[in-house]
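Visitor: Before we talk, could you show me the sequence and the model?

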Amino acid sequence: MKKIEAVIKPFKLDEVREALSEIGISGLTVTEVKGFGRQKGHTELYRGAEYVVDFLPKVKIEIVIAASQVEAAIEAIIKTARTGKIGDGKIFVMPVEQVVRIRTGETDGAAI
């Protein structure tokens, strides 16, 4: 099993969720986060004063899936989240040792 964390632009969330659903991935966790990478924020003008916005709003999607689904999930995320502009986000893939469904006690593949 693998855990995929994808940090994307907020307005791409619905498209990514639909693309993952189309390849059979139904469960995911979404968190509103803030951060910056190479773009290092931006400046904005408010009532004539310029100020720097260091942390930009992003959305983090977390999914735990079978290792056989990883490439399809990554491809779906990239295809739908890419705008071609700086700040499109990142995808992280990590191994998952164990999963337990709290309600039933099911473990690993049965618990996903």
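**A residue and its protein**

Guide: Asp 108 is partly exposed, with a relative accessible area of 29%, where partly exposed is the range between buried (under 20%) and exposed (over 50%), computed with a 1.4 Å probe and protein chains only. This is a predicted model, in which local features need pLDDT of at least 70 and side-chain atom pairs count only at pLDDT 80 or more, while totals for chains, interfaces and linings use all residues. Residues are numbered from 1 along each chain as its sequence is written, and side-chain values use heavy atoms, with hydrogens and water left out.

Visitor: What is the phi of Asp 108, which is not a glycine?

Guide: Asp 108 lies in the segment after strand 6 (89-95), strands being DSSP runs of E with at least two residues and helices runs of H or I with at least four, numbered from the N terminus. Although Asp 108 is not a glycine, its phi is positive, at about 50°.

Visitor: Which pattern does the protein follow along the sequence?

Guide: The protein has two helices and six strands. Read along the sequence, these elements give β-α-β-β-β-β-α-β.

Visitor: What radius of gyration does the protein have?

Guide: The C-alpha atoms fill a box of roughly 60 × 25 × 20 Å along the principal axes. For a compact globule of 112 residues the radius would be near 13 Å, by the rule of 2.2 Å times the number of residues to the power 0.38, with the radius taken over C-alpha atoms. The protein, by contrast, has 17 Å.
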